[in-house]
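Please examine the sequence and the coordinates shown below.

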Amino acid sequence: MSHSLHRRGSACSLKNDFVLLVTPAVGINHVGAGPKLWKVLDIVTEAGPDNIGSYETGTIYSGVTIEEIRSNMPETPRVRCCFDSKEKMFLVLKRIKELDFGLSVTISGLNEEILDMCKQLNIPPHSVNYSLGIHGATEKLPPEELLELITMCGHGMISRDLVAKAVEEVKSGKKTPHDAAVMVAQPCVCGIFNVARAEKLLEKYLPAM
């Protein structure tokens with residue numbers, strides 16, 4: 001199960017939203033996994049992630065460099081990032097498969113896009129997880145247009161008030177959609193908030209010219 005599983009939105013808005021999590025298994029192959037994860041981090045960096053981060057340091061949108069992320073990896077290191085294109089995600093998967101490090105690789109995105117990449121790379125998926133949605137007192141949830149942004153942080157670190165503020169600042173012309181997207185991304189410390197997607201979602205609030 002991945003914390004990136006519950007992203008909301010239309011298939012169109014999710015089409016270029018891919019999350020990658022790479023991690024060793026604690027007690028099995030985490031000892032000495034650091035150099036392997038550093039190599040994965042190099043591959044991710046070369047491909048050009050939309051966002052990348054770690055619990056220990058924060059993300060590139062909070063002012064942290066990828067070198068700082070590398071140097072502060074804990075005893076059980078992980079790579080967490082997202083991409084804004086299938087082409088980048090495919091390239092990274094291809095390189096990781098070639099390395100054959102024996103690490104756990106989890107990808108989130110539209111099911112048909114993920115399965116297509118796996119088929120092209122001859123990777124039989126270990127398992128496929130689906131979100132069953134939100135149940136209960138759903139009337140207490142924020143509006144769907146806010147949930148599209150809130151749910152890109154799988155740990156629930158982004159508040160509805162922050163997203164509402166971003167929307168209002170774009171509407172008033174105080175912030176560009178990009179700057180507003182970066183503001184919303186900053187509380188998501190693991191780096192899976194897709195700023196490129198958020199920017200597109202916020203563009204509809206631009207004041208009419």
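The questions below concern the sheet, the helices that cover it, and one further helix.

This is a predicted model, in which local features need pLDDT of at least 70 and side-chain atom pairs count only at pLDDT 80 or more, while totals for chains, interfaces and linings use all residues. Residues are numbered from 1 along each chain as its sequence is written, and side-chain values use heavy atoms, with hydrogens and water left out.

Q: In what order do the five strands of the open sheet lie?
A: Helices (H or I, at least four residues) and strands (E, at least two) are DSSP runs, numbered from the N terminus, and two strands pair if DSSP finds at least two bridges between them. Strand S3 (58–59) and strand S5 (104–108) each pair on one side only and are the edge strands. The pairing is antiparallel, and the order is S3-S2-S4-S1-S5.

Q: Which residue of S4 is the bridge partner of Phe-18?
A: Strand S1 (residues 18–23) runs antiparallel to strand S4 (residues 79–83), and five bridges join them. Within this pair, Leu-21 stands opposite Arg-80. The partner of Phe-18 is Phe-83.

Q: How many of the residues of S1 are buried?
A: Buried means under 20% relative accessible area, exposed over 50%, and partly exposed in between (1.4 Å probe, protein chains only). Phe-18, Leu-20 and Val-22 point one way from S1, Val-19, Leu-21 and Thr-23 point the other way, and all are buried. S1 is thus mostly covered, the count being six of six.

Q: Are H2 and H4 roughly parallel or roughly antiparallel to each other?
A: Axes are lines fitted to C-alpha atoms, for helices over the stretch in contact (heavy atoms within 4.5 Å), and angles run from 0 to 180 degrees between N-to-C directions. The axes of H2 and H4 come within 9 Å and cross at roughly 155°. Angles under 35 degrees count as roughly parallel, over 145 as roughly antiparallel, 65 to 115 as roughly perpendicular and the rest as oblique. The two helices are therefore roughly antiparallel.

Q: Which helix lies across S1, S4 and S5?
A: Helix H2 (residues 34–47) lies across S1, strand S2 (51–54) and S4, at about 15° to S4. The helix across S1, S4 and S5 runs at about 20° to S1 and spans residues 86–99; it is H4.

Q: Against which helices do the buried residues of H8 pack?
A: Seven of the nine residues of helix H8 (residues 177–185) are buried, so H8 is largely enclosed by the rest of the structure. Among the buried residues are Pro-177, Val-182 and Met-183. The packing partners are helix H7 (160–171) and helix H9 (195–202).
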